[in-house]
Amino acid sequence: MVCEISRAIEIVLNCLIYVSLGEINSIWLMRKPEVSEDLQAFDPIETSLKTFFLGPKSENADLVNDLISEIFQDWYAWRKTFHPEDGVAITEKDKQLTEYRSQIDTFKSHVTTILRRFNSEIPTFNPRYIGHMVAEISLPALMGHFITLLHNPNNITGEASRIGIKIEDEAISDLATMLGFNPEQAVGHFTSGGTVANFEGLLRARMRLSLWLTLGALAKTQGKNLNIFDSAHMGWEKYNELYTELGASEKSLLPYHILKNNPYEIAEKLKGIFGVNYRGPVILVPQNKHYSWEKAVRLIGLGDDAFWPVKLDYRGKMDVLDLKKQIREARLQNRPILMVVSVAGTTEMGDFDPINEVDEYLKGLKEHDGIHIWHHIDAAYGGFFCALEREENPYLSDSMKLALNAMGSANSITIDPHKLGYVPYASGAFITQNKNEYYLNTIHAPYIDFKPEQDKGPQTIEGSRSAAGAVSTWLTSKTIGFDADGYGMILNRTIKARVLLEKLLAEASPNIFIAPHSETNICLFTVAKPYEPLSMTNRRTLKLYEQYSSSTDRSFFVSKTQLGMKSYGAYIKSYAEKWNAQLDEEGLVLIRLTLMNPFFTTNETKVSYPEAFVADILASIKKLL
Ligand SMILES: *Cc1c(COP(=O)(O)O)cnc(C)c1O
């Protein structure tokens, strides 16, 4: 009874509040979500997230002002306290001169010009931006970037960077730990992005393979029974054993070194030694790959024929059966395998290849056949998902959990802090599990006194390198944390956002078909009518995309992708069955939404972005159906 009375009072009170608050409450009532609160609200323990970003309306501007002011005060003091006895170079009198003043006016007016121009830059910070793999950058990352710019170290060598190189090593160590490597053994460096990090992997794998093949050739000339394929994959243990047994030296190996001689003559020589044509190595990359792999193969001159794409299954993940088939085929053709690449977070759909199965198979080859193949994981996008809580996480697929748990078994990994690390460009990283496999690519430079193991200059493709990406990553690691309470929490929100948006979109219209098997925070869909040819569906989806890309005053920013039948055939067939499509075209166009912004689902803003987006899509497709 008491309970009922208090309930009645509560209802009356609530009504009064609604009436008195008028408009605010009608907005609140309007967007009171139908979907479960769990998917949308900021959990109180997520409040810390609100300190990591400036906020879509610059809510944390005071905090940023304080930090910027501290950073600059410190920078000024740093200058003033270095040999204070030297005196000033720009005097107060100078500042009174007309030339000085007119130059400053010019300077300021151009600064204003640039600021005005950037006002029409793409607003990637806003929750309405759900296009490509970029969103709001985190405040720790931004501050790290600023601080580094002011000191401007060059991480090519300790001669040009005293602190920057140390912070780089520490940041790499934090990334390595998150990815599942032993930080005592792992080594790496920051790159301008995932593309260069992938090149770094390929170059080291090629050097390793070359060393092994070269020793194999020498051994064969001395009567050892070895073939090209087994030589190129002999493993370090066998390499060291043979090296000692043959009393090999750099000099005795030089005539057979496949990278240090004319490549055409070496191929002839190897043919003479092994009795079969040497046609060069191949690289096995799944068809969900990023296009940087094609660039890499071209850049190192392997020839496009060396690029062996591995098929995808009906989920759009690497088909491990096809991988095994191709490894057998390469062996039959005496073509060494430079590396096998798995993708953690595909660029198109954000999904994970069965890294654990690839790893198991490669381990088996090692144990049973003595065949060692370099396994590189391209985790440019998905590496940060390693921070997620795995065991108790209802939003993670079992296959993704297994893949995440196997990441640490790879020879090398690419990860892009400038994607899911919420770090400003340019910040990628390349890391090897084993120190020795990092230092395979050393180059000497006469005018720098490089210190081995300290200076990355002789190891990196890039020359001068800013420390900004490393410092940004370091500061986010220390402030936000590469674990379940830090990045894990942010990224879990983004996965929940994808689950929510898929649900809302699917419920909104019978013509919206969500791309199946999405695992992370990328949501894809198409707008189709039953039994129509794929070409019609594609044309409609493209028109829908154009509605978003053509207007400058966009309600939302989206991206699109086209899955090719050649790569994603199995996936497209099982997906398009849902609307009984006639497959008359060589691909499927999809609207692609990267839901990285942690504020996309929030109860605080007056608008519910997921619902507003769905309403917007509904209005747009009405004209197209
Ligand atoms: C983005 C991406 C790359 C390339 O990274 P950049 O930083 O753009 O050079 C490589 N691989 C995958 C899987 C990616 O998502």
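Me: Which way do the residues of strand 5 point?
Reply: His375, Ile377 and Ala379 point one way from strand 5, His376 and Asp378 point the other way, and all are buried. Buried stands for under 20% relative accessible area, exposed for over 50%, and partly exposed for what lies in between, with a 1.4 Å probe and protein chains only. The model is predicted: local features need pLDDT of at least 70, side-chain atom pairs count only at pLDDT 80 or more, and totals for chains, interfaces and linings use all residues. Residues are numbered from 1 along each chain as its sequence is written, and side-chain values use heavy atoms, without hydrogens and water.

Me: Why do side chains alternate in a strand?
Reply: In a regular strand, side chains alternate between the two faces of the sheet.

Me: Which sense does the pairing of strand 4 and strand 5 have?
Reply: Strand 4 (residues 337-343) pairs with strand 5 in the parallel sense, over four bridges. Strands pair if DSSP finds at least two bridges between them. Strands (E, at least two residues) and helices (H or I, at least four) are DSSP runs numbered from the N terminus. Val343 stands opposite Asp378 of strand 5.

Me: Moving on, what is the strand order in the open sheet of four strands?
Reply: The order is 8-9-11-10, with antiparallel pairing. Strand 8 (512-514) and strand 10 (559-564) each have a single partner strand, so one side of each is left without a neighbour in the sheet. Neighbouring strands are turned by 40° against each other on average, direction ignored.

Me: Which helices pack on that sheet?
Reply: Helix 20 (residues 487-508) touches strand 8, strand 9 and strand 11 (587-594), and its direction makes about 15° with that of strand 9. Helix 23 (residues 609-622) also touches strand 8, strand 9 and strand 11, at about 20° to the direction of strand 9. Axes are lines fitted to C-alpha atoms, for helices over the stretch in contact, and angles run from 0 to 180 degrees between N-to-C directions.

Me: And where is Asn126?
Reply: Asn126 is in the loop between helix 6 and helix 7 (139-151). At 12% relative accessibility, Asn126 counts as buried.

Me: What is Asn126 in contact with?
Reply: Leaving aside neighbours within four places in sequence, Asn126 is in contact with Pro56, Lys57 and Asn597. Contact means heavy atoms within 4.5 Å.

Me: Is Val111 buried, exposed or partly exposed?
Reply: Val111, which lies in helix 6 (residues 98-118), is partly exposed, with a relative accessible area of 38%.
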